[in-house]
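User: I'd like to learn how to read a few features of this model. Could you take me through them one at a time?

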Amino acid sequence: MGAIREAVVVVLGARPSAAAIDEAVLMLTAFNEEEWYPEAVRHDMANLDTSGLSERLGTLAEVLNEHGKERVVSWCVRVGAAGGTLSKTRRASVMSIATDIGMTPAHARGVISEVLEPQDA
């Protein structure tokens, strides 16, 4: 769970919107199967050391199948794009996370596009 929490912090960046914090809460709740709260996300933003995230994501990749990797990336996109668009900085963060969990750039771009495209009714 530590790698997921750190990935959320990286995608949120320094000044996330309230909508991004809310989406992060949903992501962390989904992955942890326990209720998360905005205060916990803000605490992580202030206190987590993300300098070893790449290595921790590499370890996580060893236990994720392709569906699991897509789930991580799609949630990161939702967090990064909440309340607006996916900025270049946040997109780069998501791409880095995808690479660290063993996705090809083409696969990651496909997942990002799928999340960002409006769904047909």
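Analyst: Let's start with Glu 6, which counts as buried because its relative accessibility is 6% (buried means under 20% relative accessible area, exposed over 50%, partly exposed in between, with a 1.4 Å probe and protein chains only). Before we go on: this is a predicted model, where local features need pLDDT of at least 70, side-chain atom pairs count only at pLDDT 80 or more, and totals for chains, interfaces and linings use all residues. Residues are numbered from 1 along each chain as its sequence is written, and side-chain values use heavy atoms, with hydrogens and water left out.

User: Which residues is Glu 6 in contact with, leaving aside neighbours within four places in sequence?

Analyst: Contact means heavy atoms within 4.5 Å. For Glu 6, the list is Leu 48, Asp 49, Thr 50, Gly 52, Leu 53 and Arg 56.

User: Which of the partners forms a salt bridge with Glu 6?

Analyst: A salt bridge needs a side-chain nitrogen of Lys or Arg within 4 Å of a carboxyl oxygen of Asp or Glu. Here Arg 56 pairs with Glu 6, the closest N and O atoms being 2.7 Å apart. Arg 56 sits in helix α4 and Glu 6 in helix α1, so the pair ties together parts that are 50 residues apart in sequence. (Helices are DSSP runs of H or I, at least four residues, and strands are runs of E, at least two, numbered from the N terminus.) Arg 56 is partly exposed, at 34% relative accessibility.

User: How many salt bridges are there by this rule?

Analyst: The count is three. Another one joins Arg 5 and Asp 44, at 2.6 Å from N to O.

User: How do I read helix packing?

Analyst: Two packed helices are described by the angle between their axes and the distance between the axes. Axes are lines fitted to C-alpha atoms, for helices over the stretch in contact, and angles run from 0 to 180 degrees between N-to-C directions. Helices α2 (residues 18-32) and α3 (residues 38-47) pack at about 95°, axes 9 Å apart. That makes α2 roughly perpendicular to α3 (under 35 degrees is roughly parallel, over 145 roughly antiparallel, 65 to 115 roughly perpendicular, the rest oblique).

User: At what angle do α2 and α5 cross?

Analyst: At roughly 160°, with the axes coming within 8 Å. The two are therefore roughly antiparallel to each other. Residues making the contact include Ala 24 and Phe 31 of α2 and Trp 75 of α5.
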